[in-house]
Amino acid sequence: MKLLVDAGNTRIKWQLREGSEIRLAGSATLESGDLFEGITRTEWQDIPSISVSTVRSEHARIELERVIKGYTATPVRFFWTRSSFGRLTCAYEDPSAMGADRWHALVGAWHEIQGACAVVDAGSAITIDWIDAGGQHLGGYILPGRTMMTDSLRQGTARVLFDAGQAEGISPGQTTAECVFHGVNWLTRALAEQLGRDLAVPVLITGGDGSLIKTALDNYQDSRIPLVALRPDLVLDGLALVGAE
Ligand SMILES: Nc1ncnc2c1ncn2[C@@H]1O[C@H](COP(=O)(O)OP(=O)(O)OP(=O)(O)O)[C@@H](O)[C@H]1O
Ligand SMILES: CC(C)(CO)[C@@H](O)C(=O)NCCC(=O)O
Ligand SMILES: [K+]
């Protein structure tokens with residue numbers, strides 16, 4: 001049995017896996033009380049391996065380690081971006097600067113596709129990364145995520161006032177909230193269409209807002225992308241692979 005943890009900027013996601021079988025899964029914030037709700041005392045004693053992929057601050061990393069140590073004496077292993085894993089090779093000259101979530105998602109994608117592909121992670125930020133047929137990472141993009149886009153509008157202006165929530169649709173808005181939310185929806189569609197023009201390789205999508213990107217890609221008729229698939233556990237899948245080495 002092993003515990004896999006993906007600590008993102010919004011949420012911490014974890015799974016207890018036995019081989020490839022997911023025994024238990026959860027997601028929470030560090031502040032939300034019982035981070036690992038559902039893992040029993042006996043199960044904690046049965047966990048010989050704990051792997052973590054984090055993109056949070058060093059302070060938050062230490063705090064997460066402290067929380068886990070409250071449950072078990074099993075050492076916590078942190079996994080970071082490396083220059084290569086098998087044939088998969090990182091495009092960054094300094095791999096330690098690339099988010100571990102991006103790297104582990106690429107490891108998961110490369111393992112599944114074994115060929116040219118792209119990963120879209122629509123979380124707090126949106127990242128898009130490409131790998132060529134030989135496993136060379138070609139690089140990527142980092143964009144603000146949906147919540148970050150609307151929050152930044154709220155914080156950076158005095159009179160763009162709107163309630164939290166969502167407005168469906170992409171028609172030109174006729175209230176502030178519509179202008180903001182339809183604008184984000186319109187950008188999401190534009191992003192999907194640009195991807196469909198740029199790429200002719202399978203695309204694996206993960207992250208809390210992944211389904212919105214998938215829907216937009218599925219609706220784009222002229223897309224050259226041969227496969228669009230949601231892989232909610234892609235970061236943990238990659239983390240399981242690097243941790244098993
Ligand atoms: N239960 C949820 N809690 C928080 N955000 C959610 C939830 N469900 C969907 N979302 C959406 O998911 C986004 C956050 O994505 P995700 O949960 O993948 O974040 P994350 O992994 O912490 O992000 P990142 O890896 O970019 O740091 C938010 O923009 C929000 O719109
Ligand atoms: C871009 C995010 C926030 C996406 O979760 C994360 O991968 C990160 O903090 N990356 C560090 C910068 C980089 O990847 O170049
Ligand atoms: K993520």
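A: A100 lies in helix α3. Helices (H or I, at least four residues) and strands (E, at least two) are DSSP runs, numbered from the N terminus. The model is predicted, so local features need pLDDT of at least 70 and side-chain atom pairs count only at pLDDT 80 or more, while totals for chains, interfaces and linings use all residues. Residues are numbered from 1 along each chain as its sequence is written, chains are lettered from A and ligands numbered from 1 in the order in which they are written, and side-chain values use heavy atoms, with hydrogens and water left out.

A100 counts as buried, at 2% relative accessibility. Buried means under 20% relative accessible area, exposed means over 50%, and partly exposed is in between (1.4 Å probe, protein chains only). Beyond four places in sequence, A100 is in contact with S53, T54, V55, F79, W80 and T81. Contact means heavy atoms within 4.5 Å.

A100 also carries an annotation. The unreviewed UniProt entry gives "binding site" to Y92, G99, A100, D101, R102 and T176. These residues span 85 residues in sequence, and their farthest two C-alpha atoms are 40.2 Å apart, so they do not all gather at one spot. Y92, G99, D101 and R102 are among the lining residues of the largest pocket. A caution about the record: UniProt positions follow the numbering used here, feature names are shortened, and annotations may be inferred rather than shown by experiment.

D101 sits in helix α3, which covers residues 100-113. D101 is buried, with a relative accessible area of 17%. Leaving aside neighbours within four places in sequence, its contacts are D6, S53, V55, D121 and V235.

Apart from residues within four places in sequence, D6 touches R11, I12, K13, S53, D101, V235 and L236.

T176 belongs to the "binding site" annotation as well. T176 is found in helix α5. At 34% relative accessibility, T176 counts as partly exposed. Its contacts, not counting residues up to four places away in sequence, are V160, L161 and F162.

The largest pocket holds about 740 Å³ of space. Of its 38 lining residues, the closest to its centre are K13, D121, G123, S124 and G207. Pockets and cavities are found on a 1 Å grid over the protein atoms alone: a cavity is a set of points where a 1.4 Å probe fits but cannot get out, a pocket is an open set with protein on both sides within 12 Å along at least five of seven lines, and lining residues have an atom within 4 Å of a point. Grid points are joined across faces, edges and corners, and a volume is the space filled by probe spheres set on the points.

Several elements give two or more residues to this lining, including β2 (12-18), β3 (21-28), α3 and β8 (117-122). α4 gives the most, with 4 residues. By class, the lining has 14 nonpolar, 14 polar and 10 charged residues. Ala, Val, Leu, Ile, Met, Phe, Trp, Tyr, Cys and Pro count as nonpolar, Asp, Glu, Lys and Arg as charged, and the others, Gly among them, as polar.

The chain is divided into domain 1 (2-78) and domain 2 (84-239). These bounds come from an automatic or database domain assignment. The centres of domain 1 and domain 2, taken over C-alpha atoms, are separated by 25 Å. Their contact takes 16 residues from domain 1 and 11 residues from domain 2. Each domain supplies at least three residues to the lining of the largest pocket.

A second pocket is also present. The second largest pocket has a volume of about 330 Å³. It is lined by 15 residues, and the closest to its centre are I170, N185, T188, L212 and A216. α5 (176-198) and α6 (210-219) are the elements that give two or more residues to this lining. That lining has 5 nonpolar, 6 polar and 4 charged residues.
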